[in-house]
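Biologist: Before we discuss this protein, could you put the sequence and the structure side by side, and then take my questions one at a time?

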Amino acid sequence: MTTACHLLDLDGAQRPFVETLVSRARQFKAGVPNQGLRLRGRIVVGMFFEPSTRTATSYAVAAQRLGAVWLDFRSEESSLRKGESLEDTMRTLRAIGADAVVVRHREAGFPHLLARHFPGSVHNAGDGAHAHPTQGLADALTLVEEFGDLTGRRVLIVGDIAHSRVARSSAKAAHLLGADVVLCGPPLLLPSQPAWGFAACTSDLEAALPGADAVIMLRLQIERGTHGELPPADDVARAYGLTLQRSQAMAPHAILMHPGPVNRGLELAPELVAAERSRIAHQVENGVYVRMAALERTLGHADREHAA
Ligand code: NCD
């Protein structure tokens with residue numbers, strides 16, 4: 001659900017929503033005057049119940065570049081550990097003056113629950129295997145910068161699709177902008193057909209690689225599968241890892257992406273991480289700009305929502 005006030009997922013999003021945020025992010029990247037005044041005095045709280053490097057830091061930088069204050073809510077040291085309910089914790093954060101919370105949690109739907117208890121803006125920074133909307137938008141920005149119009153471009157997402165919130169959000173954003181999305185992995189790690197209503201699935205990586213304009217590699221998300229569900233990591237790496245040799249089957253113009261963290265030598269050969277066709281560093285950088293666009297959009301509407 002994506003409303004004016006929250007950014008929870010891209011499930012019901014329409015093309016103009018993605019286009020608007022991507023183009024605003026491009027403006028921020030090009031340099032918007034007085035950007036440090038846009039959210040001056042606003043308070044954004046990061047609630048990360050799962051590890052994060054890229055998403056948490058880029059949200060913090062995005063908030064600060066817009067003039068907002070970023071606070072880290074340390075869940076392990078909070079009163080949630082003393083038995084305080086989530087509802088009371090959210091009420092407390094609001095009383096302190098928080099305008100937005102950015103939440104990551106292992107349970108799908110947790111940010112949606114939190115949004116029911118918090119009158120400000122809630123951003124989903126990753127909920128279980130469900131959604132990671134700003135990663136989807138960052139990947140869309142990276143693709144648009146590369147190809148302009150995505151109509152007819154093929155985006156191939158490879159690896160552990162079934163447990164990946166990034167796959168779902170990045171696939172949706174690329175699809176909304178006109179790309180053809182193909183998901184590739186062992187049958188156990190693919191979503192059920194037809195995938196999310198728009199993507200094609202294959203288990204044949206060799207056949208899929210040459211036709212792709214962009215290849216997004218994913219790690220095996222061991223923490224999200226029970227042991228019975230997941231094929232052995234070495235087997236997945238052998239069959240679906242992008243080795244130097246396999247990468248030679250990619251079209252000369254095709255780009256390589258990965259949301260991170262990369263497990264070098266498993267889903268991606270170490271030499272490919274910073275190879276010429278790699279856009280991994282761009283994805284991280286673009287994460288800052290889409291998060292600026294997303295914070296501006298949702299907080300820009302927050303007062304009106306509160307008044308309603
Ligand atoms: C991902 C995440 O945590 O969802 N990373 C990210 O935010 N860029 C991907 C992952 O954990 O594999």
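Biologist: Which residue of β9 does I216 stand opposite?

Modeller: This is a predicted model, and the answer should be read as such. Strand β8, which covers residues 214-217, pairs with strand β9, residues 255-257, in the parallel sense over three bridges. Within that pairing, the residue of β9 that stands opposite I216 is M257.

Biologist: Which residue of β8 is the bridge partner of L156?

Modeller: Strand β5, made up of residues 154-158, runs parallel to β8, and four bridges join the two. In β8, the bridge partner of L156 is V215.

Biologist: Which residues lie on each side of strand β8, and are they buried or exposed?

Modeller: In a regular strand the side chains alternate between the two faces of the sheet. In β8, A214 and I216 lie on one side, while V215 and M217 lie on the other. Both faces of the strand are covered, and these four residues are all buried.

Biologist: Turning to V288, is this residue buried or exposed?

Modeller: V288 is found in helix α10, which spans residues 280-307. Its relative accessible area is 11%, and a residue under 20% is counted as buried, so V288 is buried.

Biologist: Leaving aside neighbours within four places in sequence, which residues is V288 in contact with?

Modeller: Contact here requires heavy atoms within 4.5 Å. With its neighbours within four places in sequence left aside, V288 is in contact with S58, V61, A62 and R65.

Biologist: What share of the contacts in the protein with a separation of 6 or more comes from residues 24 or more positions apart?

Modeller: The secondary structure of the protein comes to 10 helices and nine strands. The radius of gyration is 19 Å, close to the 19 Å that the globule rule gives for 308 residues, so the protein is as compact as a globular protein of that length. Among contacts with a separation of 6 or more, the share from residues 24 or more positions apart is 74%.

Key. Residues are numbered from 1 along each chain as its sequence is written. This is a predicted model: local features need pLDDT of at least 70, side-chain atom pairs count only at pLDDT 80 or more; totals for chains, interfaces and linings use all residues. Side-chain values use heavy atoms; hydrogens and water are left out. The radius of gyration is taken over C-alpha atoms; the globule rule is 2.2 Å times the number of residues to the power 0.38. Buried means under 20% relative accessible area, exposed over 50%, partly exposed in between (1.4 Å probe, protein chains only). Two strands pair if DSSP finds at least two bridges between them.
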